[in-house]
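Subject: Structure handover

Hi,

Here is the structure for you to look over. My notes on it follow below.

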Amino acid sequence: MRIRRYQQIASKALKTMVLLKHDSVKPYIPESGWYHQETLLSMLEKYTSVYIKPDKGGGGEGIIRIRQIQDEIYEYCSPYHCRYVVGKKQLIKAIDRKLSPLKRYIIQQGISLATIKDRPFDLRIFLQKPDEKWELTGMVAKIASPGQIVTNYCKGSRPCEVSRVLRYITRNNEKKMSELFYELYYLSKNVAKILNHRFNGLKELGIDVGIDKQNHIWIFEVNTRPRFKMFSKLVNPIMYNQIVKNHKKII
């Protein structure tokens, strides 16, 4: 068995805490914290939706989206189905039944993502440090499958060129496209710099970011053991080939 020679940070909360200490990144991070029953109810008063996620783990497993549909009617969805309950007490009971007592969970502000043909999407930005400097080696959009609450590739999302989705949401406005692209580029390089300063054994990062309907960028998660198979599904193989080349050097 081959042992990885670089650092991995499993805790979403720890990585978020490090990023929140930096004013240059803070505006890009949705409100989040440890899950408590009181926190769930207070955040539902502020936001149209919230997400509960295991602090450790990936692939969209264990994620729950909660929305208030009417005054006392709540919807809670896993990646596989949705249910409805009436009243706050019933909501709390339903959520607690779905959470493992062996895991810690975070709760995060839901973001109304930009869509393509009514399907939300987010982006995976891939950075690697094969030598001394971080390189942005890949950027791909993940368009959610119909009815899905997550955009994970393993949950059926469709990889797509970033240029296509930026062109779509900016209505072919070249200036806005360019501004969004460079904001994504410099934000991701800044995230890599900040995390590398705190965890200097990092070698690969997969930053999951969303763009809302006002074209504001949000950082959802930073993966320190990111998967990259989705890049192989793009028409142009250049990014995938470069990622694989660097990955072989790193491990």
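Arginine 167 is partly exposed, because its relative accessible area is 34%, which lies between the 20% limit for buried and the 50% limit for exposed. Keep in mind that this is a predicted model. Arginine 167 forms a salt bridge with glutamate 174, with the closest N and O atoms 3.0 Å apart. Glutamate 174 has 48% relative accessibility, so it also counts as partly exposed.

Salt bridges

The salt bridge count comes to 11. Side chains of opposite charge can pair when their charged atoms come close. Which residues are linked in a network of salt bridges? They are Asp122, Arg124, Lys142 and Asp208.

Start with lysine 142 and aspartate 122. Their side chains meet in a salt bridge at 3.5 Å, N to O. This pair links distant parts of the chain: lysine 142 sits in strand β9 (residues 135-143) and aspartate 122 in strand β8 (residues 119-128), 20 residues apart. Both lysine 142 and aspartate 122 are buried.

Lysine 142 also meets aspartate 208 in a salt bridge, at 3.2 Å, N to O. Here the partners are 66 residues apart, with lysine 142 in strand β9 and aspartate 208 in strand β11 (residues 204-211). Lysine 142 has a relative accessible area of 4%, so it is buried. Aspartate 208 counts as buried too, because its relative accessibility is 9%.

Two helix pairs are worth a look. The axes of helix α2 (residues 37-46) and helix α3 (residues 88-98) come within 11 Å and cross at roughly 125 degrees. That angle makes α2 oblique to α3. The crossing of α2 and α3 is right-handed.

The axes of helix α4 (residues 162-169) and α5 come within 9 Å and cross at roughly 130 degrees. So α4 is oblique to α5. The crossing of α4 and α5 is right-handed.

Surface

Phe181, Tyr182 and Tyr186 form a nonpolar patch on the surface. Together they have about 350 Å² of accessible area. Tyrosine 182 belongs to helix α5 (residues 174-198). Is tyrosine 182 buried, exposed or partly exposed? Its relative accessible area is 45%, so it is partly exposed.

One more residue

Arginine 158 is found in strand β10 (residues 158-161). Its relative accessibility is 35%, so arginine 158 counts as partly exposed. The C-alpha atoms of arginine 158 and tyrosine 28 are separated by 24 Å, and the two residues are 130 apart along the chain.

Best wishes

How values were computed: Residues numbered from 1 in each chain as written. Predicted model: local features only at pLDDT ≥ 70, side-chain atom pairs only at ≥ 80, totals over all residues. Heavy atoms only, no water. Patch = residues over 30% accessible without salt bridge, like charges linked within 9 Å, V, L, I, M, F, W, Y side chains within 5 Å. Areas by Shrake-Rupley, 256 points an atom, 1.4 Å probe, with all protein chains shown as cover. Salt bridge = Lys/Arg side-chain N within 4 Å of Asp/Glu carboxyl O. Helix = DSSP H or I, 4+ residues; strand = E, 2+ residues; numbered from the N terminus. Buried < 20%, exposed > 50% of the residue type's maximum accessible area, 1.4 Å probe, protein only. Axes fitted to C-alpha atoms, helices over the stretch in contact; angles between N-to-C directions. Parallel < 35°, antiparallel > 145°, perpendicular 65-115°, else oblique. Left-handed = near helix turned anticlockwise from the far one by under 90°.
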